[in-house]
Amino acid sequence: MNWQDRRLLDLFGIEHPILQAPMAGVTSPQMAVAASEAGALGSIAGAMLTLDGLRQEFQMVKQGTAKPFNVNFFVHKPQTLDAARDAAWRRKLAGYYEELGVAPGTKGPSRAAFDAAACDLVLEFMPKVASFHFGLPEQTLMQRLKAAGIVVIASATTAEEARWLEGEGTDAVIAQGAEAGGHRGMFLDDDIARQAGTMALVPQVVDAVKVPVIAAGGIGDGRGIAAALALGAAGAQIGTAFMLSPEARTGALHRAALKKAGDNSTVLTNVFTGRPARGIVNRIVREMGPMSLEAPAFPLTAEATQPLRGPAEAKGSTDFTPLWSGQAPTLAREMPAGELVKSMVRETEAVLSRVRG
């Protein structure tokens, strides 16, 4: 297809203005390879990986494709444990621990922020793009990435955040509407009640910055991509639509929940990690949230909540599983990631042709 806006194509060195979202725990090297080979920008997620795990994923992607790909990181500030708050949160979870036979003091894995060691690894493997959530890394790390020629992009949930990112040297901005699944990328404003949806956010971000804008949130097919382009975006980042692909690490219970979900099945909740993230409503979200003022700061909430997941899933229950999903789960398709990219390109072309008459 002959795309009229080539800003992202030229910036990333890709064929189609589609970014496969880097969904931590869901994305795989195989998915990234398939998406990149199909002409999109494939992505892997470093937020929940050890450095050794990330190295393995880099190696697998490099072995699978010579085409550009993206690696994503969280850049939250490490939090000091507030013992009193943690104890209070665990007391609220005590009934669940007892029900599932989990020792009250059990700790689950945390999420590491991008640091110098992660930066060293990125510079060793040299992906075309590095993307960030919750802001940007410290300036010294940014300078190292930029000096090496790595394209830096990051998520904004408001026009103010987009302007800040541009001012700090970001090469493109992901405008993340409220419909998006997983964690909100907010970092200057924490009021989720005032955050705009994709249709309202994208044109305002486009007007606010000069760098290319990537629309994200509720986009799952060619209709959404065409709409994003019409709003002035240079491309679209798509996540939930890939979650049923065979390359996705989406668990069987999560896949079943996605297949049953509809447009009113998700909420923003902080009961899993301490930061607002969109997922399908389940028991712990109903009973503890969706937004709890008592949840410890991100990512400390997860250390207390995560241990409930395994025992519940062993019984076939998703009561304590973070069922991340955007507001368009019905657009997820059970097809290989590469085929999904090709289908979305054909759909976008059909929509644009129809609109042009």
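Residues are numbered from 1 along each chain as its sequence is written, and side-chain values use heavy atoms, with hydrogens and water left out. Because the model is predicted, local features need pLDDT of at least 70 and side-chain atom pairs count only at pLDDT 80 or more, whereas totals for chains, interfaces and linings use all residues.

The largest nonpolar core comprises 89 residues. Such a core is a set of buried Ala, Val, Leu, Ile, Met, Phe, Trp, Tyr and Cys residues joined through side-chain atoms within 4.5 Å; buried denotes under 20% relative accessible area, exposed over 50%, and partly exposed the range in between (1.4 Å probe, protein chains only). Within this core, the most other members are touched by Phe12, Phe58, Phe114, Phe132, Ile153 and Phe242. Contacts of Phe58 (heavy atoms within 4.5 Å), leaving aside neighbours within four places in sequence, are made with Ile44, Phe69, Val71, Leu121, Val122, Phe125 and Pro127. A second, separate core holds 18 residues, including Ile284, Val285, Met288 and Ala312.

Helices (H or I, at least four residues) and strands (E, at least two) are DSSP runs, numbered from the N terminus. Helix α5 (residues 116–125) packs against helix α6 (residues 139–147) at an angle of about 0°, and their axes are 11 Å apart. The axes are lines fitted to C-alpha atoms, for helices over the stretch in contact, and angles run from 0 to 180 degrees between N-to-C directions. Helix α5 contributes Ala116, Cys119, Asp120, Val122 and Leu123 to the contact, and helix α6 contributes Leu141, Arg144 and Leu145. By class, this contact has 6 nonpolar, no polar and 2 charged residues; Ala, Val, Leu, Ile, Met, Phe, Trp, Tyr, Cys and Pro count as nonpolar, Asp, Glu, Lys and Arg as charged, and the others, Gly among them, as polar.

A search of the whole structure finds 20 salt bridges, each defined as a side-chain nitrogen of Lys or Arg within 4 Å of a carboxyl oxygen of Asp or Glu. In the bridge between Lys67 and Glu15, the closest N and O atoms are 3.1 Å apart. This pair links distant parts of the chain, 52 residues apart: Lys67 lies in the loop between α3 (51–64) and β3 (69–74), and Glu15 in the loop between α1 (7–12) and β1 (18–20). Lys67 is partly exposed at 31% relative accessibility, as is Glu15 at 41%.

Glu334 forms a salt bridge with Lys259, with the closest N and O atoms 3.0 Å apart. Because Glu334 lies in the loop between α13 (309–314) and α14 (337–356) and Lys259 in helix α10 (residues 252–260), the pair ties together parts that are 75 residues apart in sequence. Glu334 is exposed at 58% relative accessibility, and Lys259 is exposed at 51%. Glu313 and Arg309 also form a salt bridge, at 2.8 Å between the closest N and O atoms; being 4 residues apart in helix α13, they are separated by about one helical turn. Glu99, Arg283, Glu287 and Asp319 are linked in a network of salt bridges.

Asn70, in strand β3, is buried at 0% relative accessibility. Not counting residues up to four places away in sequence, Asn70 touches Pro22, Leu41, Gly42, Ser43, Ile44, Val129, Ala130 and Ser131.
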